[in-house]
Amino acid sequence: MRFKHPIALLLLFSGLSSVQAQKKTYLETLASPNQWVDSVFKKLNKRQKIAQMFFVRAHTDMGKVYEDSIGRVIKKEKIGGLVFFQGGPGRQAVLTNQYQSLARVPLLITSDGEWGLGMRLDSTVSYPYQMALGAVQDKELIYKMGLEVAKDYKRIGMHMNLAPDVDVNNNSKNPVINFRSFGENKYNVTAKASAYMKGMQDGGLLVSLKHFPGHGDTDVDSHYDLPKLPFTKARLDSLEIYPFRELIKEGAAGVMIAHMNIPALDNTPNMPSTLSKPIVTGILKEELGFKGIIISDAMGMKGVVKYFKDGEADVMGIIAGNDILELSENSARAIKLVRKAVKSGRISMDRIDESVKKILTAKYWAGLNVKDTINEHQVLAEVNRAESLALLQQLADASMTVLRGKQYLKTLSAEKRTIIISIGTPNITTFQKDLGSYYKNSVFYTLDKDANANSIAKVLREIAGFDQVIVGIHDMRNRPGNGMVLSADLKMFIKDMSDKNAVFALFANPYNISALTGLENSKGLIVAYQKEDFMQRAASSVIKNQFVPTGKLPVTVNAAFKYGDGE
């Protein structure tokens with residue numbers, strides 16, 4: 001490129017520098033003087049400052065009475081933001097416009113979107129769960145997913161995703177993290193979470209790493225009780241805290257605190273990490289040097305209110321160092337109690353002011369300094385873009401993990417008589433239909449999860465007449481956790497087929513392999529992680545030899561199948 005005039009060159013570089021200026025991160029914005037933040041801050045009285053720290057629950061599937069009640073809270077209490085839960089994207093866009101019109105200071109809107117909008121909203125894209133993404137070797141795909149999620153969030157007026165989950169799932173019995181984690185290896189978790197985080201942040205979305213200091217090695221769900229982590233500080237520092245430390249260095253905008261009792265970090269009896277100043281301020285802010293937004297996990301969870309009742313948890317959460325308290329049991333009561341704690345000297349206004357400036361800066365960074373309304377037309381189409389659906393399939397394909405039989409799969413022939421069986425569902429599956437279009441000389445059988453010996457015997461009689469056997473094992477529950485239920489007869493059938501020449505595809509959490517004896521001897525075993533159609537199509541493509549699978553197992557299942565396995 002040649003320029004005849006120096007002015008043209010000057011204009012080009014001034015244009016580039018303005019693009020660079022627009023890309024300032026949240027943390028960089030926080031470190032710079034900000035006129036909008038200062039002007040809004042100065043207009044707030046003490047009560048209104050405190051209210052900025054509270055984010056309440058919002059829904060679009062609970063009816064008008066509920067929606068109006070949240071509107072009254074916004075108007076009366078002047079809270080800082082909302083956490084949206086179940087509903088639909090179009091309805092949420094409309095309701096967000098209504099709610100923003102009621103707010104004196106614009107609301108920061110957030111939700112849990114670990115696998116995208118589909119985690120909470122109907123008719124939207126759900127990307128693979130993080131367990132499946134832990135198997136993906138191409139981090140660029142996960143970065144692109146972050147960019148797509150940011151587009152979706154911004155399209156419906158949201159500014160922050162309470163994700164990614166950076167817990168290291170090193171306890172196979174974990175009832176609450178499990179498939180929400182990238183796996184058991186701290187380096188793999190950090191690398192995949194980094195790609196997702198950077199995609200979202202580069203796409204203009206605030207993020208929140210969770211659940212600090214690490215919820216991966218617990219067998220208690222903090223929604224229902226207070227989990228206890230009995231580990232030493234050295235162990236926690238080297239393992240659980242590792243992804244947080246690294247991602248904070250990489251510029252994470254936010255961190256969410258878990259409700260866990262960790263005596264090695266704070267030996268106060270029954271103290272949840274959320275309410276612990278030694279953990280939130282001492283470790284996260286001082287030791288790790290985190291300067292961004294600190295968000296509590298939901299303040300109504302039993303893990304936090306079991307021992308600290310009647311609003312005391314809210315006061316302690318602020319003393320501990322949280323900037324945002326989400327889903328207080330009673331925000332009006334909490335605001336009053338915090339005001340009382342300020343008056344008595346238990347909480348300083350400096351502590352409140354620090355958090356309020358962080359929240360206002362987040363609002364500025366998200367573009368809330370400019371009054372705008374969300375376009376309420378074509379919302380559904382614009383959060384179901386063709387490129388998002390194409391990426392979804394690419395991610396599924398990239399997660400396919402062949403634990404046995406990569407070479408054997410190449411011997412399967414489209415011409416041979418093939419029986420294709422789906423276990424765990426009474427209905428013909430996408431997996432079967434997809435394979436059936438390729439294996440022209442094939443028949444389908446289904447065996448529901450409760451199938452007995454008689455049902456199985458009918459299928460066994462047919463198998464003898466076929467050259468190839470392909471079996472899909474489907475966990476049809478809403479979430480791919482442990483404990484997939486199959487009848488004893490079905491488990492025996494799987495073992496028998498493993499000793500023959502059957503090829504298996506597991507559409508379930510890989511931890512379930514440990515309860516399916518015999519798969520370690522099978523001719524072919526593909527882990528496809530979850531039940532969704534995009535996973536069934538991906539596994540079918542592997543069996544049809546349409547691409548070379550590259551996925552690696554993100555967790556250890558048993559002695560036969562360990563972390564990193566994948567032929």
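Begin by selecting Leu327, which is buried, with a relative accessible area of 11%. The model on your screen is a predicted one, and every stop on this tour should be read with that in mind. Leu327 is found in the loop between strand E9 (325–326) and helix H15 (331–343), and although this residue is not a glycine, its phi is positive, at about 60°. Because buried means a relative accessible area under 20%, the value of 11% places Leu327 in that class.

Next, select Thr281, which has its place in helix H12, the run of residues 277–287. Thr281 has 12% relative accessibility and therefore counts as buried. Which residues is Thr281 in contact with, once its neighbours within four places in sequence are left aside? They are Ser276, Glu286, Ala320 and Gly321. If you display the side chain of Thr281 together with the backbone of Ala320, you will find a polar atom of that side chain 2.6 Å from the backbone oxygen of Ala320.

The tour now turns to charged pairs, of which a search of the whole structure finds 29 that qualify as salt bridges. Select Asp112 and Lys210, which form one of these salt bridges, with their closest N and O atoms 2.9 Å apart. Asp112 lies in the loop between strand E3 (108–111) and helix H7 (130–133), while Lys210 belongs to strand E6 (residues 209–212), so the pair ties together parts that are 98 residues apart in sequence. Are these two partners buried or exposed? Asp112 counts as buried at 11% relative accessibility, and Lys210 is buried too, with a relative accessible area of 1%.

While Lys210 is still selected, look at the link to His211, because the peptide bond that joins Lys210 and His211 is cis, with omega at about 0°. His211 itself is found in strand E6. A cis peptide bond also joins Ala163 and Pro164, where omega is about 5°, and Pro164 can be located in the loop between strand E4 (160–161) and H9.

Now select Glu250 and Lys198, a salt bridge in which the closest N and O atoms are 3.2 Å apart. Glu250 lies in the loop between helix H11 (242–249) and strand E7 (254–257), and Lys198 lies in helix H9 (residues 186–202), so this pair ties together parts that are 52 residues apart in sequence. Glu250 is partly exposed, with a relative accessible area of 33%, and Lys198 counts as partly exposed at 34% relative accessibility.

For the last pair, select Arg477 and Asp475, which form a salt bridge with their closest N and O atoms 2.8 Å apart. Arg477 counts as partly exposed at 32% relative accessibility, whereas Asp475, at 4%, counts as buried.

Technical notes
Residues numbered from 1 in each chain as written. Predicted model: local features only at pLDDT ≥ 70, side-chain atom pairs only at ≥ 80, totals over all residues. Heavy atoms only, no water. Helix = DSSP H or I, 4+ residues; strand = E, 2+ residues; numbered from the N terminus. Buried < 20%, exposed > 50% of the residue type's maximum accessible area, 1.4 Å probe, protein only. Polar contact = N/O pair within 3.5 Å; in protein donor to acceptor, adjacent residues only side chain to side chain. Contact = heavy atoms within 4.5 Å. Salt bridge = Lys/Arg side-chain N within 4 Å of Asp/Glu carboxyl O.
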